[in-house]
Amino acid sequence: MTTSLLLSLLFSFVILASAANFNQDIDVTWGDGRGKILENGNLLTLTLDKFSGSGFQSKNQYLFGKIDMNIKLVPGNSAGTVTTYYLRSEGSTWDEIDFEFLGNLSGDPYIVHTNVYTQGKGDKEQQFYLWFDPTKDFHTYSLLWNPQRIIFSVDGTPLREFKNLESMGVAFPKSQPMRVYSSLWNADDWATRGGLVKTDWSQAPFTAAYRNYKADACVWSSGKSSCSSTSPSQNSWLSQELDITSQQRLKWVQKNYMIYNYCTDTKRFPQGLPKECSVH
């Protein structure tokens, strides 16, 4: 084998191996060593103990994208703990697209909490149970964010769609670039049964694990998007919508696994439900 061919093969292997490498894509930002990148960048773990949680963020900012992450949530008695995975912009009028996984007593299901913030305003919570145990294995949690809609999915099954309804006067996040963030922290003042169940520190340390981070996204750098000069066909997610099968799956999830929907909470909105609730 010639030297040039060998170098070419090695180079292509490096490109392939770094496709979803946490060392390349992610910064562990807090936790004083409790967040670890392992297995040559293929595995990331966040740990929580009585003294601190931990967290990470993406090196890149994105303005629209499809973000996938394989996550294995804290097993056993995870009551009081919250694992977060979300997109967020900077500043006091931030945008945010939010997955939070609220721990529970052994044998009780996790609660998947979702929210969308625009210009610092949220109050658009929907919560779900899952149809599997998210602590036994890795599952793919996806956030699709394009100019028309936001879709929250698990293993390719949509849980929630938040459409761009600016034509109705509903704010939609579309102008502020966001980073991917994740954290594991103690929230036993509210996370489990409204704070009634506290974190059992005898079970610590608590650990969540991550693999296969993938960002099909428009990278925002120096005021420019990496997508502005590329062909739309290379970024099919930019115009992606739910097909008939996905719409049916969404209805199945919302009928069988949704446990809270702000759009049906008339006590919370005595002056009338938010405008988008007539459509969503």
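A charge sits over a ring if NZ of Lys or CZ of Arg is within 6 Å of the ring centre and within 35 degrees of the ring normal. The legends below describe a predicted model.

**Figure 1. Arginine 88 over the ring of tryptophan 94.** In this view arginine 88 lies over the face of tryptophan 94. The distance to the ring centre is 4.2 Å.

**Figure 2. The edge-to-face pair of phenylalanine 56 and tyrosine 210.** The count of aromatic pairs in the model comes to 16. In the pair shown here, the ring centres of phenylalanine 56 and tyrosine 210 are 5.1 Å apart. Their planes stand at 90 degrees, and planes over 60 degrees apart count as edge-to-face, so the pair of phenylalanine 56 and tyrosine 210 is edge-to-face. Phenylalanine 56 belongs to strand E4 (residues 54-58) and tyrosine 210 to strand E14 (residues 206-221). The pair thus links distant parts of the chain, 154 residues apart. Phenylalanine 56 has a relative accessible area of 1%, and tyrosine 210 has one of 0%. Buried means under 20% relative accessible area, so phenylalanine 56 is buried, and tyrosine 210 is buried as well.

**Figure 3. The edge-to-face pair of tryptophan 131 and tryptophan 252.** The ring centres of tryptophan 131 and tryptophan 252 are 5.5 Å apart. Because their planes are at 65 degrees, this pair is edge-to-face. Tryptophan 131 is in the loop between strand E9 (126-128) and strand E10 (139-145), while tryptophan 252 is in helix H3 (residues 244-256). The pair therefore ties together parts that are 121 residues apart in sequence. Tryptophan 131 counts as partly exposed, at 28% relative accessibility. Tryptophan 252 also counts as partly exposed, at 38%.

**Figure 4. A cluster of aromatic rings.** The residues in this view are Tyr85, Phe99, Phe101, Tyr141 and Phe152. Ring pairs link them into a cluster.

**Figure 5. The open sheet of eight strands.** The strand order is E1-E4-E13-E6-E7-E8-E9-E16, and the pairing is antiparallel. Strand E1 (26-30) and strand E16 (258-261) are the edge strands, each pairing on one side only. From one strand to the next, the twist averages 15 degrees.

**Figure 6. Strands E8 and E9 within the sheet.** Strand E8 (residues 111-117) runs antiparallel to E9 and is joined to E9 by three bridges. Valine 112 stands opposite phenylalanine 128, which is in E9.

**Figure 7. Glycine 272 in the segment after E16.** At 40% relative accessibility, glycine 272 counts as partly exposed. Glycine 272 and glutamine 57 are separated by 215 residues in sequence. In space, their C-alpha atoms are 37 Å apart.

**Figure 8. The protein chain as context for the close-ups.** The chain has three helices and 16 strands. Its radius of gyration is 20 Å, close to the 19 Å given by the globule rule for 280 residues, so the chain is as compact as a globular protein of that length. Taken along the principal axes, the box filled by the C-alpha atoms is roughly 75 × 50 × 40 Å. Buried residues make up 50% of the 280 residues. Among contacts with a separation of 6 or more, 65% are between residues 24 or more positions apart.

How values were computed: Residues are numbered from 1 along each chain as its sequence is written. This is a predicted model: local features need pLDDT of at least 70, side-chain atom pairs count only at pLDDT 80 or more; totals for chains, interfaces and linings use all residues. Side-chain values use heavy atoms; hydrogens and water are left out. Rings of Phe, Tyr and Trp (its six-membered ring) pair if their centres lie within 6.5 Å; planes under 30 degrees apart count as stacked, over 60 as edge-to-face and the rest as tilted. Helices (H or I, at least four residues) and strands (E, at least two) are DSSP runs, numbered from the N terminus. Buried means under 20% relative accessible area, exposed over 50%, partly exposed in between (1.4 Å probe, protein chains only). Two strands pair if DSSP finds at least two bridges between them. Axes are lines fitted to C-alpha atoms, for helices over the stretch in contact, and angles run from 0 to 180 degrees between N-to-C directions. The radius of gyration is taken over C-alpha atoms; the globule rule is 2.2 Å times the number of residues to the power 0.38. Contact means heavy atoms within 4.5 Å.
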